[in-house]
Amino acid sequence: MTKRDEYLERFRAFESDSMKRSLNRGERAAESELLDKVKEADDQIRRHLEAAAAEEQAMRVTSPLQTMGTTRPGRSTRTRMNATPGELMARSLEMSRGITTTGTSKAFSPEDTARNFIDLLAPQSVVMESGVQRVQTGAETYAFPVIRSDFSAGFVGELDDLPTGGFGAEPLKVTPKKIAAADLIANELMDDGGTAFLNPMAKSLMRSVALGFDREALIGTGAGKGFVGIANTPGIQTHTVKGGLKDLDPFVTAFGKLEAANAKTTAIMMSPKAWTALMALRESSGSLKPLLSESAGSPTAGVQRSILGVPVWLSSFVPESDILAYEADQIFAVWRKDAGFQISDQFGFLKDGTAVRAIARAAIAVPNAAAVCKITVTA
């Protein structure tokens, strides 16, 4: 920066002289050389900033989680921001105390904070990771147009009346419900822990909220203060399997039901116990090779977490007897923008503590219920 300022100062001197007299050839060459040096300095600064940004982003990359000796294809979780949970919580802490720092200052407006909070929250939700569409709204209620019947088409002669009627639609109104987690934290931890404490604490709060959303999004009944989940949405398709899972035929049937409704199966959701039972199935009687193994080689090879090419997602909230197969694009998660971290030292004033909470407002919507098939396995 110092060299760049020096070059600019000398260039301004040439400009000042050129207003008083004509510059000779040597002076013109020197002026051109100074412009080249300023450009070179600007390029160096730009490269330095890009390298610093790339290094910071690389530090935030996490390894994909592998569990139960299985792997599953990853899904891009590209977001519109690169703030960490700790930074969002630090911003909330500064706002509650009426202070700012050079680190965050006014980097996040209330709307940005809400959007960033949801961006960070979504990857911790298995339902969101399965590919359902996300809708953000600032309204109390969001309406989806649901088409109940299509237009009636027919062949007509020239100048004949065109066929009319047949089309029917109605709005599906969805009201995001509040999901929250809160606690009182000692000020010693808040003040002395810094980012090393704020970041894991913020992640823990977000994980709790994400799990609360998953539970309701999968098996919610709409009772109390929650909303109706995917498994209990009226009109979804069903398939019953008696005697337990012995092969993959139930999945073939479920996939076919979705295809018949002009939907494509893109995600399967089941409990970890159900997946364990599937992994225990063998290719044939007396064989050691798992039925789910795509390789004809050693039975020690890893099992891809997918069935017939469709990714499988696990959630402990899904009953062991139920398996959901659905087209993720036909399911919508509606998030209210007024979500995020809130921090206050008023509640814990006499205990020298700080109250922290994470609040989200969300709901699930399935406008096309036929794009979901619930497989129920009985003994």
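**Exercise 1. Placing an arginine**

In which strand does Arg361 lie? Determine also whether Arg361 is buried or exposed, and list its contacts beyond the sequence neighbourhood.

*Solution.* The structure is a predicted model.

Step 1. Arg361 belongs to strand S14, which covers residues 353-365.

Step 2. The relative accessibility of Arg361 is 19%. Buried means under 20%, so Arg361 counts as buried.

Step 3. Neighbours within four places in sequence are set aside; Arg361 then contacts Pro176, Lys177 and Lys178, together with Val334, Trp335, Arg336, Asp338 and Ala339.

**Exercise 2. Overall description**

State how many helices and strands the protein has, what share of its residues is buried, and what share of the accessible surface belongs to carbon and sulfur atoms.

*Solution.* 

Step 1. The protein has nine helices and 15 strands.

Step 2. It comprises 379 residues, of which 40% count as buried.

Step 3. The accessible surface amounts to about 21,800 Å², and carbon and sulfur atoms supply 53% of that area.

Step 4. For contacts between residues at least 6 apart in sequence, 75% join residues at least 24 apart.

**Exercise 3. The six-stranded sheet**

Give the strand order of the open sheet, identify its edge strands, and describe how S7 is paired with S10.

*Solution.* 

Step 1. The order of the six strands is S6-S15-S11-S7-S10-S9, and the pairing is mixed.

Step 2. The edges are strand S6 (237-242) and strand S9 (306-307), since each of these pairs on one side only.

Step 3. Strands of a sheet pair through backbone hydrogen bonds, in either a parallel or an antiparallel manner. For S7 (residues 267-270) and S10 (residues 310-314), the sense is parallel, with three bridges.

Step 4. Helix H9, residues 272-279, lies across S7, S9 and S10, and its direction makes an angle of about 105° with S7.

**Exercise 4. A residue of strand S11**

Locate Leu324, classify its accessibility, and relate it to Lys374.

*Solution.* 

Step 1. Leu324 is part of strand S11, residues 322-326.

Step 2. Its relative accessibility is 2%, and Leu324 therefore counts as buried.

Step 3. Leu324 and Lys374 are 50 residues apart along the chain, yet 4.7 Å separates their C-alpha atoms.

Step 4. With neighbours within four places in sequence left aside, the contacts of Leu324 include Ala267, Ile268 and Met269 as well as Val372, Cys373 and Lys374. Leu218, Ile230 and Ala231 are also among them.

**Exercise 5. Aromatic pairs**

State how many aromatic pairs a search of the whole structure finds. Then characterise the pair of Phe144 and Phe332 and the pair of Phe213 and Phe227.

*Solution.* 

Step 1. The search finds five aromatic pairs.

Step 2. Phe144 and Phe332 have ring centres 4.9 Å apart and planes at 45°, a tilted arrangement. The pair links distant parts of the chain, with Phe144 in strand S3 (residues 142-149) and Phe332 in strand S12 (residues 332-336), 188 residues apart.

Step 3. Phe144 is buried at 6% relative accessibility, and Phe332 is buried with a relative accessible area of 17%.

Step 4. Phe213 and Phe227 also form a tilted pair, at 6.3 Å centre to centre and 45° between the planes. Phe213 is in helix H7 (residues 195-219), while Phe227 is in the loop between H7 and S6, 14 residues apart.

Step 5. Phe213 is buried with a relative accessible area of 0%, and Phe227 is buried with 7%.

**Exercise 6. Positive phi angles**

Describe the backbone of Asn262 and Leu308, and locate both residues.

*Solution.* 

Step 1. Asn262 is not a glycine, but its phi is positive, at about 60°. Asn262 sits in the loop between helix H8 (249-260) and S7.

Step 2. The relative accessibility of Asn262 is 75%, so this residue counts as exposed.

Step 3. Leu308, likewise not a glycine, has a positive phi of about 50°. Its place is in the loop between S9 and S10.

Technical notes:
Residues are numbered from 1 along each chain as its sequence is written. This is a predicted model: local features need pLDDT of at least 70, side-chain atom pairs count only at pLDDT 80 or more; totals for chains, interfaces and linings use all residues. Side-chain values use heavy atoms; hydrogens and water are left out. Helices (H or I, at least four residues) and strands (E, at least two) are DSSP runs, numbered from the N terminus. Buried means under 20% relative accessible area, exposed over 50%, partly exposed in between (1.4 Å probe, protein chains only). Contact means heavy atoms within 4.5 Å. Accessible areas come from the Shrake-Rupley method with a 1.4 Å probe; for residues, only the protein chains shown count as cover. Two strands pair if DSSP finds at least two bridges between them. Axes are lines fitted to C-alpha atoms, for helices over the stretch in contact, and angles run from 0 to 180 degrees between N-to-C directions. Rings of Phe, Tyr and Trp (its six-membered ring) pair if their centres lie within 6.5 Å; planes under 30 degrees apart count as stacked, over 60 as edge-to-face and the rest as tilted.
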